[in-house]
Amino acid sequence: MCSTSKVNEALQGMTTSGASAEAPSISSLRVQQNRSEYYLVDIREPSEIQATPLPKITTDAQVTLGAICHDASGLVAQTNKTLVLVCNTGKRAELAAQSILLQSPSAQVAVLQRGMVGLENPSAVSPDFLVVLGLGDSTEKLSLSLAACANATEVHSTVVLVLMSEGVNWFVKPDSPKNDGKTNVEAVVQGDPFKPCKAMLNKFLTKGGVVLACTTCIKHRGYSFETDMMDCVKSMQMPDLVRMMGEAKGGCLQFM
């Protein structure tokens with residue numbers, strides 16, 4: 001683990017500076033979907049990295065919290081991409097990001113949400129804005145939910161669409177053996193003034209949007225995430241939804 005003395009030194013330095021800075025957080029799915037846009041920095045201690053390498057993703061650099069707090073100029077100069085800092089839980093990364101911004105106010109830096117936990121579990125995302133879709137028989141409500149998601153990505157860093165109950169049916173693959181005539185989301189065109197659902201979904205995903213589906217709702221309908229659901233859909237549990245509703249500071253829309 002990072003030594004207590006290094007953390008205390010960093011905290012003391014920020015306190016005496018009289019300044020404060022806060023970097024946005026970013027979901028692991030957004031980083032993985034748009035990997036070329038980000039410069040991923042593992043700020044854990046070398047012993048931690050050796051014992052537990054990051055899952056599912058390769059870092060661009062390894063720079064400890066202590067080194068960043070001492071002098072972050074070299075790291076900032078290495079790339080013109082957004083720096084994304086990762087540690088075990090995200091707490092040290094928040095501290096490192098503050099230090100970078102205090103040293104280089106114009107630096108582009110973000111914190112990987114929940115650190116390694118977020119990399120291992122997409123449902124560990126912390127949304128700024130949340131949309132819940134539970135209806136499977138209204139193309140208008142589907143279009144409204146996707147319009148909300150797509151527009152929210154313009155003003156929020158992390159936007160999550162949660163599929164509950166019949167809402168999961170929209171995201172069943174057209175070629176799934178379990179698809180008994182259900183309309184796929186990408187085939188829905190509500191008409192003016194709505195944009196086609198495929199276009200809104202693509203914008204949402206391109207901007208780093210996250211689609212999660214209730215695992216219980218999926219199993220109840222006999223679906224499998226691997227064979228029946230669209231690739232963009234990841235699993236979550238009810239406790240994840242409860243937590244996300246409390247964390248979504250930008251708001252929560254429900255189409256139930």
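Author: Let us begin with a proline: Pro193 lies in the loop between strand S7 (159-163) and helix H9 (197-206), where helices (H or I, at least four residues) and strands (E, at least two) are DSSP runs, numbered from the N terminus. The peptide bond that leads from Asp192 into Pro193 is cis, with omega near 5°. This is a predicted model, in which local features need pLDDT of at least 70 and side-chain atom pairs count only at pLDDT 80 or more, while totals for chains, interfaces and linings use all residues. Residues are numbered from 1 along each chain as its sequence is written, and side-chain values use heavy atoms, with hydrogens and water left out.

Reader: Where does Asn184 lie, and is Asn184 buried or exposed?

Author: Buried means under 20% relative accessible area, exposed over 50%, and partly exposed in between (1.4 Å probe, protein chains only). Asn184 is in the loop between S7 and H9, and Asn184 counts as buried at 8% relative accessibility.

Reader: Which backbone nitrogen does the side chain of Asn184 reach, and which residues does Asn184 touch?

Author: A polar contact is a pair of N or O atoms within 3.5 Å; within protein, one must be able to donate a hydrogen and the other to accept it, and residues adjacent in sequence count only if both atoms are side-chain atoms. Here the side chain of Asn184 reaches the backbone nitrogen of Glu186 at 2.9 Å. Contact, in turn, means heavy atoms within 4.5 Å; not counting residues up to four places away in sequence, Asn184 touches Trp170, Phe171, Val172, Lys173, Pro174 and Met230.

Reader: What is the phi of Ser165, and where does Ser165 lie?

Author: Ser165 has a positive phi of about 50° although it is not a glycine, and Ser165 lies in the loop between S7 and H9, where its relative accessibility of 29% makes it partly exposed.

Reader: Why is strand S2 described as largely enclosed by the rest of the structure?

Author: Five of the five residues of S2 (residues 38-42) are buried, so the strand is largely enclosed by the rest of the structure. Tyr38, Leu40 and Asp42 point one way from S2, and Tyr39 and Val41 the other way.

Reader: How many bridges join S2 to strand S4, and how many join S2 to strand S3?

Author: Two strands pair if DSSP finds at least two bridges between them. S2 and S4 (residues 82-86) pair in the parallel sense over five bridges, with Val41 standing opposite Leu85. Two bridges join S2 to S3 (residues 61-62), again in parallel, and in S3 the bridge partner of Val41 is Ala61.
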